[in-house]
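Hello,

Here is the structure I promised to pass on to you. My notes on it follow below.

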Amino acid sequence: MAFDGIIVADLVHELREELLNGRIAKIVQPEADELFLTIKSPSGQKRLLICADASLPLVYLTNENKTAPMTAPNFCMLLRKHIGGGRIIDISQPKLERIIRFTIEHLNELGDICRKMLVVEIMGKHSNIIFCTEDGKIIDSIKHVSAQISSVREVLPGRDYFIPDTMHKADPLTVSKEDFISLLAAKPCSLSKALYTGFTGISPVTAEEICHLAGLDSSVPAAEYSGDILYHLYTQFEIYLSAVKEQHFSPAIYYDGQEPKEFSSLPLTHFSNYTRQEFSSVSEVLHTYYSVRSKLTRIRQKSADLRHVVQTALERSRKKYDLQLRQLNDTENREKYKVYGELINTYGYNVADGAKELEALNYYTNELITIPLDPTQTPQENAQRYFAKYNKQKRTFEALSELCKETKDDITYLESIRTALDIALTEDDLAGIKEELTQGGYIKRKFTRKKEKVKNTPLHYISSDGYHIYVGKNNLQNDELTFNFAAGNDWWFHAKQAPGSHVIVKTDGKELPDRTFEEAGRLAAYYSSMRGSEKVEIDYVEKKHVKKPKGGKPGFVVYYTNYSLVIDSDISGIQEA
């Protein structure tokens with residue numbers, strides 16, 4: 001995620017259009033490092049969220065409301081006193097810094113017009129909201145930074161406000177060609193790093209995009225490129241940032257399937273493998289991106305206990321499987337002992353008393369072999385000893401073969417649950433997986449008087465040709481979908497020899513077009529452990545040919561006649577119902 005100077009420039013452009021000449025009607029401080037302003041602007045009432053949280057600093061317009069705490073913090077009370085009812089007369093961004101300055105005009109105690117500045121710094125762990133006089137004297141800040149905390153700058157009442165320039169970055173909007181080339185040539189690092197460490201507001205993602213547009217390898221040290229090549233890069237740099245100067249922004253989010261991976265206010269062409277969704281405003285981008293990311297993060301945190309259960313069971317099963325395979329390998333010579341016994345019975349009549357070996361012709365291979373003998377036993381006793389050894393290893397082989405198959409099925413089943421956890425999007429999805437693990441004996445069921453109902457709703461898509469496609473999100477749902485929901489002539493899809501979802505296409509008795517087969521195949525690839533692969537083999541067959549073996553684990557099926565296709569796992573463009 002790149003909350004860089006370009007995003008801030010887009011945000012300032014939007015805020016100027018929406019908030020200029022608006023009056024601050026309400027100031028709330030919902031959290032220790034968060035402000036929520038209600039502003040009555042010429043275009044209507046607006047709500048502005050300003051967050052200086054170290055892990056997630058944000059500024060954007062929102063339609064949602066925030067509840068005020070019972071007792072307002074001191075910083076909030078100070079702002080209400082000075083700028084409550086004040087008018088926003090300017091919103092600016094110095095250079096391309098991640099800083100937004102709100103200039104607010106208000107009346108003081110004597111009724112005279114005064115101006116104050118509310119400075120929002122969106123700088124990761126150094127983020128802050130600073131309230132200053134017009135001439136830059138700090139009145140207060142939402143976070144106090146003393147000399148013990150920072151040797152670069154104190155943020156305390158009475159101190160002068162200034163922007164720290166510890167890295168001596170240049171302004172990308174005004175840099176000359178000569179300064180651009182000399183700055184990069186002096187950087188002992190890769191080209192992309194030289195860009196984002198040499199210029200304000202340029203993020204690593206933006207630096208990669210500029211290198212990509214210039215056709216240059218971003219990992220090569222900047223000093224290794226000639227002046228002509230760096231001049232070519234400067235030209236592309238100027239073209240790319242001209243959109244910022246002209247305020248031609250195109251805010252968008254880049255998705256990997258349903259997961260948002262990046263956002264930007266300018267196109268990112270090097271993300272060609274992601275799906276780009278455009279938005280009408282950067283505030284909408286920020287709200288959508290962080291709400292979805294927050295939701296995914298929360299689901300992953302809540303699934304941590306289930307993942308631990310699955311991973312522990314997987315490790316135990318894999319260790320057991322390895323041990324069983326080693327024991328199975330020890331039975332590989334069982335047929336040899338059977339042959340030894342047969343050959344001793346055939347040729348043992350001429351074995352001398354006390355002989356330690358017998359040389360005989362193996363009539364199975366027509367080769368002479370030497371058979372070790374116990375000199376204290378008769379030939380018949382030696383033969384019986386070898387037959388007993390053979391029978392013991394045969395019984396061991398048969399028992400271990402069955403155990404290995406069961407353990408392998410357990411591993412495959414647990415891997416399918418792990419895949420289901422990867423595609424879980426809601427708490428209901430996690431509840432379904434937990435119920436499955438409980439039924440399987442991996443989690444002890446807690447006694448409750450009232451049994452909790454688990455919602456079991458599969459994912460639902462509509463193909464380009466209008467056919468309904470359903471995707472199971474866990475093994476219990478897969479069984480329900482395949483054996484209770486699907487009709488005999490519906491089509492069933494699954495990634496070949498990989499844990500994943502059952503995908504059902506409802507045919508309504510019609511013949512499916514090729515495009516629907518391809519889209520269902522993509523969904524089967526995406527909702528499997530092969531997600532992200534460019535080539536995934538998919539098995540598909542009419543549902544009537546899919547059978548549930550007796551005693552089979554949830555989600556486990558067999559089929560003997562099927563078709564196959566090889567396809568990618570890109571589901572962009574498939575409509576979700």
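Helices (H or I, at least four residues) and strands (E, at least two) are DSSP runs, numbered from the N terminus. This is a predicted model, in which local features need pLDDT of at least 70 and side-chain atom pairs count only at pLDDT 80 or more, while totals for chains, interfaces and linings use all residues. Residues are numbered from 1 along each chain as its sequence is written, and side-chain values use heavy atoms, with hydrogens and water left out.

Helix H10 (residues 379-423) packs against helix H11 (residues 427-439) at about 165°, and their axes are 10 Å apart. The two are therefore roughly antiparallel (an angle over 145 degrees). On the H10 side, Tyr413, Ile417, Ala420 and Leu421 meet Leu430, Ile433, Glu436 and Leu437 of H11; contact here means heavy atoms within 4.5 Å.

Now the sheet. Seven strands form an open sheet in the order E20-E19-E17-E18-E16-E15-E21, with antiparallel pairing (strands pair if DSSP finds at least two bridges between them). Strands E20 (563-567) and E21 (575-576) stand at the edges with a single partner strand each, so one side of each has no neighbour in the sheet. E21 pairs with strand E15 (residues 459-462) in the antiparallel sense over two bridges, and isoleucine 462 stands opposite glutamine 575 in E21.

Best wishes

Notes. Axes fitted to C-alpha atoms, helices over the stretch in contact; angles between N-to-C directions. Parallel < 35°, antiparallel > 145°, perpendicular 65-115°, else oblique.
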